[in-house]
Amino acid sequence: MSLVIVDTSCANLSSVKFAFERLGVKPLISADPERIRSAERVVLPGVGTAKAAMRNLQALDLVNTLRELEQPVLGICLGMQLMTQWSAEGNVDCLGLIPARTVALENSGQPLPHMGWNTVNAVGTNPLLKNISAPAYCYFVHSYAVAIDENTIASTDYGQQFASMIQAGNYFGAQFHPERSGAIGAQILKNFMELSDADTRT
Amino acid sequence: MLAKRIIPCLDVRDGLVVKGVQFRNHEIIGDIEPLAERYAQAGADELVFYDITASSDARVVDKSWVERIARRIDIPFTVAGGISSIDQARELLAMGADKISVNSPALRDPELINRLVDEFGQQCIVIGIDSFFDAESGRYLVYQFTGDESKSQRTRWQTAEWLKEVVARGAGEIVLNCMNQDGVRKGYDIAQLQTMRAICPVPLIASGGAGNADHFQHVFEQANVDGALAASVFHKNTVVIADLKQQLQAAGIPMRY
């Protein structure tokens, strides 16, 4: 199955690529709209700030391409936040693929950034958490998070509840790093590759 | 609930994992990749690879193994050692390192921390601090170039002041290595870690002194650190990660399992 990792011109695409390679998938890293459109799966990674990443996507002329995709798309960490309408990080309009909002994690007396392994708890139907038994510990590192709303398909608690996974149709987001989340993360990536058409219609 | 992290540290020299007692007489432990994979499979939450010679010899870490590690393991890892420029950091992150840790070069050029954070984001910039308790003055003092005993020297910084400085410059995590304890296996420096925890708003990792499983339990219970780093107890199998995590979980310390 063909998979393109969108080359967002920020560092560290390798670990996402390697994680899929461990599953036997051969990902292509590309910023070419045609290659992205024709892939069976698309991953939108991201590190850095929302503002810089949106600027990169605009400079690469990828905004409309990403908005018109119909195959399953997975946003990881900042990539998930870019899928939302808006991010408080730089007060920037994002891709609007999922009608959610990215806000700063509140300072609840715990260290920030939220860094380390935390549990991901399914909310409703979550085809990406198939064949995973609780507790699903995944690796997080972030200071901004998507607020819980009707698009939330998993939540996590760090002094406050936030959306650790979101979905609207064929667009999925994970706040944690499945590529660095051990066997559970690998299963989530495998589930992403095996999504059915029905899974992307909710 | 966020789990507390157990972090084996692999001190690397010339492509091999080594460990010394109080930073002296480095003894060879083994090859990097099999050890890394063994720890990942054993339940380590994160790994730190620290090229202990790099800073002192003005060399950069030998990079080829970073990508090999990234290909093989599926838990996060940090690379430390002699990283003193944006370009060096970019290369390591591009090869798959999740975080980079900076120590001596930040002491020489504190502005480096700001530049790294601006470029790559706070989440991947760790600052390592080598702190020595000077019994005579009763002060915690920051040392640099500790990878090589002949070049190791104290700086003008007291530890608490340097910690505040690096946090103000955007550091995303602190690894506090308590030098008096390093390699001696008599327990973490609880008093010092408590002091630094109180002023550290970012994740704080304890380093130096682990000799048995109880030491891990004490440092989590008493100093509320986010992670505990150790080398020799894991290399020598004195502490088995699965058993350690079971003990800590039973004691009410949240662990990933």
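This is a predicted model: local features need pLDDT of at least 70, side-chain atom pairs count only at pLDDT 80 or more; totals for chains, interfaces and linings use all residues.
1. **The annotated site.** The UniProt record, an unreviewed entry, places the feature "active site" at A:Cys77, A:His177 and A:Glu179. These residues are spread over 103 residues of sequence. In space they cluster, with a largest C-alpha distance of 10.8 Å.

2. **A:His177.** Look for A:His177 in the loop between β14 (171–174) and α6 (182–193) of chain A. Is A:His177 buried or exposed? A residue is buried if 20 or more other C-beta atoms lie within 10 Å of its own. A:His177 has 25 such neighbours, so A:His177 counts as buried. Leaving out residues up to four places away in sequence, A:His177 touches A:Ile76, A:Cys77 and A:Tyr139.

3. **A:Glu179.** A:Glu179 lies in the loop between β14 and α6 of chain A. A:Glu179 counts as buried because 30 C-beta neighbours fall inside 10 Å. Setting aside neighbours within four places in sequence, A:Glu179 is in contact with A:Ser15, A:Val16, A:Ala19 and A:Gly185.

4. **The length of α6(A).** Does the length of α6(A) agree or disagree with what its residue count predicts? The helix has twelve residues, and at 1.5 Å a residue they should span 16 Å. The end C-alpha atoms are 17 Å apart, which agrees.

5. **The buried face of α6(A).** Which residues of α6(A) are buried? They are A:Gly182, A:Ile184, A:Gly185, A:Ile188, A:Leu189 and A:Phe192. Seen down the helix axis, the buried residues fall within an arc of 150 degrees, so they line one face of α6(A). An α-helix has 3.6 residues a turn, so residues three or four places apart point the same way.

6. **What covers that face.** The cover over the buried residues of α6(A) includes α1, β3 (41–44), β4 (73–76), β10 and β14 of chain A.

7. **The interface with chain B.** How many residues of chain A are in contact with chain B? There are 29, and they meet 29 residues of chain B. The elements of chain A that give two or more residues to this side are α1 (14–22), β8 (114–119), β10 (137–142) and α6. The largest share, six residues, comes from β8(A). By type, the side of chain A that touches chain B divides into 14 nonpolar, 13 polar and two charged residues.

Methods:
Residues are numbered from 1 along each chain as its sequence is written. Chains are lettered from A and ligands numbered from 1 in the order in which they are written. UniProt positions are given in the numbering used here, feature names are shortened, and annotations may be inferred rather than shown by experiment. Helices (H or I, at least four residues) and strands (E, at least two) are DSSP runs, numbered from the N terminus. A residue is buried if 20 or more other C-beta atoms lie within 10 Å of its own, exposed if 12 or fewer, and partly exposed in between; C-beta atoms are placed from the backbone. Two residues are in contact if their C-beta atoms, placed from the backbone, lie within 7 Å. Ala, Val, Leu, Ile, Met, Phe, Trp, Tyr, Cys and Pro count as nonpolar, Asp, Glu, Lys and Arg as charged, and the others, Gly among them, as polar. The expected span of a helix is 1.5 Å times one less than its number of residues. The arc is that of the directions from the helix axis to the C-beta atoms.
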